[in-house]
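Hi everyone, thanks for coming.

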Amino acid sequence: MTPDREREFETALAALPRVRLASVRPTPLEPMPRLSAELGGPDIYIKRDDLTGLAFGGNKTRMLEFSLADALEQGAEVIVTGSAVQSNYCRQMSAACARLGLELHLVLRPVRGIDHEEVQGNHLLMRLLGAQVTAHGESCRGSHGRALADKADQLRAEGRKVYEPRTEETVDLDALAYAEAALEVVQQSRQRGIEPRFLYVAAHDTTQAGVVLGLKYLGSGIRVRGFTPVEGWPRRQEEMRRMALQGAGRIGLEVELSADDFDNEESFVGPGYGIPTEACLEAVRTTARTEGVLLDPVYTGKAMAALFAHVREGKLTKEDGPVVFLHTGGNPALFGYAGEVIE
């Protein structure tokens, strides 16, 4: 890892069109001494991407700086996207579109029975921020995807200029946002005088694709351990590799990556996406009560549960040196899971 490599990387990223949405960047890298002592393993540091600042923050804010710049360059006036009812992506997209004066249409799918009955957490914030929300009655991802396509087609038929983010051609923009986060981790670790061997993160696609790309290009020795919150996607490592290489090509970086560079497992998902496990809830409560840091029961709680388990099983020891936990946000979802979170 050399300063020249870092400068080359910064220059390549700076050439991308961008809208400024994050009010905190770089996000802090902070020690977690009480949680570290509680677990009895290596020193834990937390990368606070929950503090990016847009509508309670989170990892999607970085991504939207690039993807919405692309939308504006294409002359878009309407954004169409959607995900689960408690989607962090849709919440931050709602805030970004409000700030940029873009009309936003969201199609939201339920995950739990209560999603049909209450508007809480991220869902509440989306509506408050002015998103036009369509409730999709089924949890099936296939029918949800068709509903999204129908919404976009309807608006185009009305003569609207529609932009759909995260298509196969543009999803690498989201990955590049997290390649930049990897650069921050490298620089902040050096400033703190630590040499982490592992970085733990809740990730399914673009976040880990970008972090691995950034660390690999910079020659860092940090190994990313990712934990998907979504069950049943066996080719996700290959998809991450494709996204990372597409992003590298977009900004002219030469880097070699294989699927083996993407350590990502689904053993902490539990019964399914958006359904908290007992280990997840323990991690959420313990982190809150030792460090005053809030995790969510869908993403970061499950990744922290993995870190807890790895310490207890001896897979992560004091000899491994400091470990970084990348907090990707999601805190508003806590309000939609109050019955599960509170003992």
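I'll go through some backbone spots, then a helix contact.

This is a predicted model, where local features need pLDDT of at least 70 and side-chain atom pairs count only at pLDDT 80 or more, while totals for chains, interfaces and linings use all residues. Residues are numbered from 1 along each chain as its sequence is written, and side-chain values use heavy atoms, with hydrogens and water left out.

Most residues other than glycine have a negative phi, and most peptide bonds are trans. Now, where is there a cis peptide bond? Between Arg-25 and Pro-26, with omega at about 0°. Pro-26 sits in the loop between α1 (3-14) and β1 (29-31); helices are DSSP runs of H or I with at least four residues, strands are runs of E with at least two, and both are numbered from the N terminus.

Next, positive phi. Ala-55 has a phi near 50°, and its place is the loop between β2 (44-48) and α3 (60-73). Arg-166, also not a glycine, has a positive phi of about 60°. You'll find Arg-166 between β6 (162-163) and α7 (172-192), in the loop.

On to the helices. The axes of α7 and α8 (residues 206-218) come within 6 Å and cross at roughly 50°; axes are lines fitted to C-alpha atoms over the stretch in contact, and angles run from 0 to 180 degrees between N-to-C directions. Contact means heavy atoms within 4.5 Å. Among the residues making this contact are Tyr-178 and Leu-183 of α7 and Gly-210 and Leu-213 of α8.
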